[in-house]
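Welcome! Please take a look at the sequence and the 3D structure below, and then let us walk through a few of the features together.

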Amino acid sequence: MCGIVGYVGPNSAYDYLIEGLFRLEYRGYDSAGVAIQNASGIDVRKKTGRVSQLAELVKEKPVQGNVGIGHTRWATHGEPSDTNSHPHVGGNGEVVLVHNGVIENYNQLRDQLRELGYVFHSATDTEVVAHLVAHALETELTLGANPESDQTYRTAVENALKRLKGTYGLAILFRDRPGLIIAARLGSPLVVGIGNKEHYLASDASPLVGYTEEVVYLSDHELAMLTADSLQLVHRDTGTQVPSIKFLEQSAQDMDLGEFEHYMLKEIFEQPTSIENALRGRLDDDEATAKFGGLNMDASRLRSIDRIVLTACGTSWHAAMVGEYLIEEFARIPVEVEYASELRYRNPPMSERTMVFAITQSGETADTLAAMRECKRKGHASLAICNVVGSSIAREADGGIYLHAGPEIGVASTKAFTSQVTVLTLLALFMGRLRHLSYPAGKRIINNLRDMPNKIQKTLECHARVKEVAEKYYRAQNFLYLGRQYNFPVALEGALKLKEISYIHAEGYPAAEMKHGPIALVDEDTPSVFVVPRCQIYPKVISNMEEVKARRGPVIAIACEGDDKVADIADDVIYVPDVDEYLQPLVTSVPLQLLAYHIAILRGCNVDRPRNLAKSVTVE
Ligand code: G6P
């Protein structure tokens, strides 16, 4: 949600900034802008719309310089417009900055700054920060601070930050101190890249790939002073820090579209590999269990756990629901699935033997981070199931399991979902084998999991068929997605995928619950997608399907290969390989991802950059 980049060094700042903004565009694409510092001052270029529109603008009105900051926006305060775009200018141009986050007390601060004579041009909360820093700087200088010293600028920023309530990732340029960028973080992620006599800044590591492998992740309340030759980190409470340098694992190849037209399709087709990566090194044949390097809890503590809370948002929340079914079946531990945005402000009774897992692709979702922190504060073991290495949640958790899915760039999550479900299956197996699950049962799960990459490869053969089905139904205005047991969360996820990228209204429901309301929506124009692979209650789901057919509702079924019975009832069937029930979400979710993708394409939607959405939601 909003992406930030920065550069200071010997090279053209714009080249890095614009490429970085393209790579961060998944965080927001309402507008984009850069500010470049050169001998004549700070030039700002900003534009509503996509980063490509900013690039066009800069072609017409070039900017040059070796120091700069950039921003891609997901609007929170103030509609998407050129004026509301970042960077924002403070004072009389002494300060130029970009911001990711939300300033909650901006109204009050704006009134105070207006009284002091500051003039506001935008409707954003960010402009308040720009003026506030300019004001703090002016105050420092009036008190006699040295305008040549970086300390003056640091103090001004620190004093301004003290007055902010809310969250921020900031990158700030100073007109009168060329070659210095001050970055500050509270709640919104920032990472510094260390180059050869140059420093980079970004909201996450993706812009840095190909530029440097050495990175430093900023922590909350930390401020970074970047010049070409130096990097100084200062924490609000503990003062100057020694930067802890980490090494990036991503490669430029991970970011390539390759033969695919969209990241979403590429990521759907990567699932055999991403699932294999989630399993790699984690199957223990001798003990018929799973093994993890980073749980940081011994077996006796894990055995004492009497309740698990899974907390997440969006697609990750759907993966958590599959996790609930898996853990309760294999480990017989009661599981609660909580929306992170609810959990963070609730105070549910949780014993000290409750363990919490935050499930998140990005590791930056503000609500998930806040919910995890709340649980940690109360002393619960708080772990993460996360994709992005070095992300805030990964760093703050007591331990956890990485997905190793590689970068997910399409805004609608696909491969992260199946990797989360894979990891949750491993977790359920692991917790189960510490308790009730038998050796042969563990062995069977392991063997089935090992075969999953092949099964997903086989599932992807449905692609052409899904495309045909999409062509038949893409004009519908409403869809129902129905499934039961393990396939109920799959129905929810299928409906979410369709909503996100095609803007068609879709509802996911437990197939049997449908008759308590949503069945009223069934008519000849409303397709119902039934997720109906062979399972213990297969006949019951078939009855639910009949109920829809009896009301002339068109039915699309996701069924197991060779299921002729379904073919007799449904209008269209998409077949997937037969797998044990607990593994069905992995295969049945794939055709639903493809269905959403093709319907969105047929409706002319931008599947990788759907309107109003952002991949990493760093505001609450
Ligand atoms: C956003 C994304 C979703 C994602 C959700 C949670 O809404 O658009 O695709 O599922 O955030 O993100 P997380 O990174 O925590 O899994």
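## The largest pocket

β11, β15 (246–247) and α12 each give at least two residues to the lining of the largest pocket. Helices (H or I, at least four residues) and strands (E, at least two) are DSSP runs, numbered from the N terminus. The pocket has a volume of about 750 Å³. Its lining counts 39 residues, and A205, Q250, N387, V388 and V389 lie nearest its centre.

On a 1 Å grid over the protein atoms alone, a pocket is an open set of points with protein on both sides within 12 Å along at least five of seven lines, while a cavity is a set where a 1.4 Å probe fits but cannot get out; lining residues have an atom within 4 Å of a point. Grid points are joined across faces, edges and corners, and a volume is the space filled by probe spheres set on the points.

## About the model

This is a predicted model, in which local features need pLDDT of at least 70 and side-chain atom pairs count only at pLDDT 80 or more, while totals for chains, interfaces and linings use all residues. Residues are numbered from 1 along each chain as its sequence is written, and side-chain values use heavy atoms, with hydrogens and water left out.

How many cavities of 30 Å³ or more does a search of the whole structure find? The search finds 1, and the largest cavity has a volume of about 60 Å³. Among the residues that line it are C2, R73, W74, H77 and H86.

P87 sits in the loop between β4 (67–73) and β5 (88–90).

## Helix α11

Helix α11 (residues 366–377) has 12 residues and reaches 16 Å from its first C-alpha to its last, close to the 16 Å expected at 1.5 Å a residue. That expected span is 1.5 Å times one less than the number of residues. After the helix comes G379, with a positive phi near 90 degrees.

The buried residues of α11 include A366, L369, M372 and C375. Buried means under 20% relative accessible area, exposed over 50%, and partly exposed in between (1.4 Å probe, protein chains only). The buried residues of α11 pack against β18 (307–312), α10 (340–343), β20 (354–360), β21 (381–386) and α12 (392–396), where contact means heavy atoms within 4.5 Å.

## Aromatic rings

Rings of Phe, Tyr and Trp (its six-membered ring) pair if their centres lie within 6.5 Å; planes under 30 degrees apart count as stacked, over 60 as edge-to-face and the rest as tilted. By this rule there are 12 aromatic pairs. One joins Y16 and Y211, with ring centres 5.0 Å apart and planes at 85 degrees, so it is edge-to-face. Y16 lies in helix α1 (residues 13–24) and Y211 in the loop between β10 (199–202) and β11 (214–217), so the pair ties together parts 195 residues apart in sequence. Y16 is buried at 2% relative accessibility, whereas Y211 is partly exposed at 28%. Ring pairs link Y7, Y16, Y200 and Y211 into a cluster.

## Around Y503

Y503 lies in the loop between α17 and β24 (505–510). Its phi is near 65 degrees, a positive value in a residue other than glycine, and Y503 is partly exposed at 27% relative accessible area. R611 lies over the face of Y503, at 3.9 Å from the ring centre. A charge sits over a ring if NZ of Lys or CZ of Arg is within 6 Å of the ring centre and within 35 degrees of the ring normal.
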